[in-house]
Amino acid sequence: MRSHAPTSQSPGTSVDRRSDADLLGDLIGVKESRQHYRGSLQPFFAGGDNQSHTKCAVARELVRRWLGEELRRVTVFAQPSAVTDYLKVHFAGREYESFVVLYLDAQNGLIEVEELFRGTLTQTSVYPREVVKSALRFNAAGVMFSHNHPSGLVTPSRADEYLTQTLKAALALVDVRVLDHLVIAGNNALSFAETGLL
């Protein structure tokens, strides 16, 4: 739903029926919302230094932590959308590529999420030795990888495919399974496992 100017709503109005601008007004103030909202929430949650953006960054971080709590309550494959939802929030607004590992126990329950490597706008250097060390440190039985494409294109590169196969081979030597590699680009996600690339 799009609305360019917040309007006052009664306290009893259902939150899910209110416009983006109205909800943003509740979070950062109606004046700020009217001044900066241009039909998209993306600029508010992608970062920034002014106070309204700081409040939105805090809200985003709270949502990311809540989604992380939800991931820890279920086996990862019981709710695959929960993983992609978490990662979309995690990578929101990143103007650089980063590489994240989800460490899983023998029942595919989440042990930990760790951003292992941070790169530039177009690439991240990933070192298999460090990935293996981290998997052993968490005593993981399995892992899922994820990285973002700030370009907005979700299609994996040949380098992404080669890296995944290299990591899979390295981790197999220490009996750690690679269950998926997810590429996140804005609100889009691509699963290597679902597309036959794993």
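Which residue is the bridge partner of Leu 182 in strand 5? In strand 5, Leu 182 is partnered by Ser 191. The legends below cover this strand pair and other parts of the structure.

This is a predicted model, in which local features need pLDDT of at least 70 and side-chain atom pairs count only at pLDDT 80 or more, while totals for chains, interfaces and linings use all residues. Residues are numbered from 1 along each chain as its sequence is written, and side-chain values use heavy atoms, with hydrogens and water left out.

**View 1. The open sheet has five strands in the order 2-1-3-4-5.**
The pairing is mixed. Strand 2 (110-118) and strand 5 (188-191) are at the edges with a single partner strand each, so one side of each has no neighbour in the sheet. From one strand to the next the twist averages 20°. Strands (E, at least two residues) and helices (H or I, at least four) are DSSP runs, numbered from the N terminus. Two strands pair if DSSP finds at least two bridges between them. Strands of a sheet pair through backbone hydrogen bonds, either parallel or antiparallel.

**View 2. Strand 4 and strand 5 form a hairpin.**
Strand 4 (residues 177-185) and strand 5 run antiparallel and are joined by four bridges. Ile 184 stands opposite Ala 189 in strand 5. Two residues lie between the strands, and Gly 186 in the turn has a positive phi of about 65°.

**View 3. Helix 6 (residues 128-137) packs against helix 7 (residues 158-172).**
Their axes are 10 Å apart, at an angle of about 45°. Axes are lines fitted to C-alpha atoms, for helices over the stretch in contact, and angles run from 0 to 180 degrees between N-to-C directions. The two helices are therefore oblique to each other; angles under 35 degrees count as roughly parallel, over 145 as roughly antiparallel, 65 to 115 as roughly perpendicular and the rest as oblique. Helix 6 contributes Pro 128, Val 131, Val 132 and Ala 135 to the contact, and helix 7 contributes Thr 166, Leu 167, Ala 170 and Leu 171. Contact means heavy atoms within 4.5 Å.

**View 4. Helix 7 lies across strand 1, strand 3 and strand 4.**
Helix 7 runs at about 155° to strand 4.

**View 5. Phe 138 lies in the loop between helix 6 and strand 3.**
Leaving aside neighbours within four places in sequence, Phe 138 is in contact with Tyr 103, Ile 111, Glu 112 and Glu 114. The C-alpha atoms of Phe 138 and Leu 104 are separated by 8.7 Å, with the two residues 34 apart along the chain.

**View 6. Phe 99 and Phe 145 form a tilted aromatic pair.**
A search of the whole structure finds four aromatic pairs. In the pair of Phe 99 and Phe 145, the distance is 5.4 Å centre to centre, with 35° between the planes. Rings of Phe, Tyr and Trp (its six-membered ring) pair if their centres lie within 6.5 Å; planes under 30 degrees apart count as stacked, over 60 as edge-to-face and the rest as tilted.
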